[in-house]
Amino acid sequence: MSVEYLEEWRQKLADISKSQSQSKPKRELGQLGQELTDEEDEELAPLVAIYITLDRAWRNPFTTKSDYARFAADLVAICACEGLISTRIEGENFGNRWLITEDGLAWMRGFDDAFAPRH
C-alpha cells in the first residue's frame, strides 16, 4: 500500500465521520421504551408492579435481603402488609424467603381475569 493511497483513505474516513446522518432519530436518547399515553396507564402501573412482585414470589421466591427485595422494598412492604406475600413457612416457623400466600394467588387470578386480553 502506498503512502499516498493510505493518506487518501484516512481523508475519506475523516470526511465520513464529519458527515451528518441522512436519517434523524425518531426519539431522543434516554426516551426508549413504551410511553404512558393516558391516565389509565398511569393508574394501572402500580397494579402491574404488584403483580410482578407476586409473580416473582410465586415462581422464584426471593430472600428478604436480595437485590430484588431491596430494589422493590416499597412493593414488597405493600404486598406483605396486605397479606399477599409472607415469610411464614408453617405455623410459627418463618424463613428468609418471601412466599406468595393464598390471598396473593387469588389477587393474581383476579388481576388476570380483569386485564387479560379477551378473544
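1. S86 stands opposite L99 in β3. This is a predicted model. The strands β2 and β3 run antiparallel and are joined by 4 bridges.

2. Strands of a sheet pair through backbone hydrogen bonds, in either a parallel or an antiparallel way.

3. Overall fold next. The protein chain holds 5 helices and 3 strands. Read from the N terminus, the elements run α-α-β-α-α-β-β-α. Among contacts with a separation of 6 or more, 48% link residues 24 or more positions apart.

4. Burial and surface. Of the 119 residues in the protein chain, 18% are buried. The accessible surface of the chain is about 10,100 Å². Carbon and sulfur atoms account for 53% of that surface.

5. Which residues touch the most other members of the largest nonpolar core? They are L54, F62, C79, I85 and I100, in a core of 17 residues. Two or more residues come from each of α2 (39-59), α3 (67-71), α4 (73-81), β3 and α5. The biggest contribution is from α2, with 4 residues. In soluble globular proteins, nonpolar side chains tend to be buried together.

6. Beyond its neighbours within four places in sequence, I85 is in contact with L54, A57, V76, C79, A80, W98, L99, I100 and T101. Of these, L54, C79 and I100 are also named among the core residues that touch the most other members.

7. Where is T101 found? T101 sits in the loop between β3 (93-100) and α5 (102-115). Leaving aside its neighbours within four places in sequence, T101 contacts G83, L84, I85 and S86. A polar atom of the T101 side chain lies 2.6 Å from the backbone oxygen of G83. R88 is 13 residues from T101 along the chain, and their C-alpha atoms are separated by 9.3 Å.

Definitions and conventions:
Residues are numbered from 1 along each chain as its sequence is written. This is a predicted model: local features need pLDDT of at least 70, side-chain atom pairs count only at pLDDT 80 or more; totals for chains, interfaces and linings use all residues. Side-chain values use heavy atoms; hydrogens and water are left out. Contact means heavy atoms within 4.5 Å. A polar contact is a pair of N or O atoms within 3.5 Å; within protein, one must be able to donate a hydrogen and the other to accept it, and residues adjacent in sequence count only if both atoms are side-chain atoms. Buried means under 20% relative accessible area, exposed over 50%, partly exposed in between (1.4 Å probe, protein chains only). Accessible areas come from the Shrake-Rupley method with a 1.4 Å probe; for residues, only the protein chains shown count as cover. A nonpolar core is a set of buried Ala, Val, Leu, Ile, Met, Phe, Trp, Tyr and Cys residues joined through side-chain atoms within 4.5 Å. Two strands pair if DSSP finds at least two bridges between them.
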